[in-house]
Amino acid sequence: GVKDLRDLTDEGGNGIGPDVGSQLFGAYAEVGYDVLRLLTETEKQFVPFFRYERYDPTFAVETDSKAGERGVTDLVFGVTYRPVLQLALKANATLRTPDDGTKATVIDLGVGWMF
């Protein structure tokens, strides 16, 4: 199982196994609202949103004293614009804080098309 993956070695006996957990944990909550609905009657949408995420892919590891300490908290601020209902243009900034104390900001841009 998981222990076998973690214990993999190369020909020289060096550990090459992935850092996988026997359990993972994750949850998020997101809120957003179409503000154009407040201003006018239109099929276009402009939706600012906020998402809180908490996840830990190594929540439980049988042989690791740091299990449960590799989690990440993300605060995501973004907007989705839909000029027509079949097209979505998205942008968001993620403020990422891993449990190890490092911090990062991630910017994402995306396009979605429904057909």
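Three aromatic pairs were counted in the predicted model. Rings of Phe, Tyr and Trp (its six-membered ring) pair if their centres lie within 6.5 Å; planes under 30 degrees apart are stacked, those over 60 are edge-to-face, and the rest are tilted. One of the pairs joins Phe 46 and Tyr 81. Phe 46 sits in strand 2 (residues 45-60) and Tyr 81 in strand 3 (residues 72-84). The pair thus links distant parts of the chain, 35 residues apart. Strands (E, at least two residues) are DSSP runs numbered from the N terminus, as are helices (H or I, at least four).

Accessibility was classed by relative accessible area: buried under 20%, exposed over 50%, partly exposed in between (1.4 Å probe, protein chains only). Phe 46 has 34% relative accessibility and counts as partly exposed. Tyr 81, with 28%, is partly exposed. Trp 113 and Phe 115 form a tilted pair, with 5.1 Å between centres and 40° between planes. Trp 113 and Phe 115 are both exposed.

The model is predicted: local features need pLDDT of at least 70, side-chain atom pairs count only at pLDDT 80 or more, and totals for chains, interfaces and linings use all residues. Residues are numbered from 1 along each chain as its sequence is written, and side-chain values use heavy atoms, with hydrogens and water left out.

Four salt bridges were found in a search of the whole structure. A salt bridge places a side-chain nitrogen of Lys or Arg within 4 Å of a carboxyl oxygen of Asp or Glu. Glu 53 and Arg 51 form one of them, at 2.5 Å from N to O. Both Glu 53 and Arg 51 are buried.

Arg 54 bridges to Asp 99, with an N to O distance of 2.9 Å. Arg 54 belongs to strand 2, while Asp 99 lies in the loop between strand 4 (87-98) and strand 5 (104-113). The two are 45 residues apart, and their pair links distant parts of the chain. Arg 54 is partly exposed at 22%. Asp 99 is partly exposed at 36%.

Asp 74 and Arg 96 form a further salt bridge, their closest N and O atoms being 2.9 Å apart. Asp 74 lies in strand 3 and Arg 96 in strand 4, so the bridge ties together parts 22 residues apart in sequence. Asp 74 is buried, at 2% relative accessibility. Arg 96 is partly exposed, at 27%. Salt bridges with shared partners join Glu 30, Arg 51 and Glu 53 into one network.
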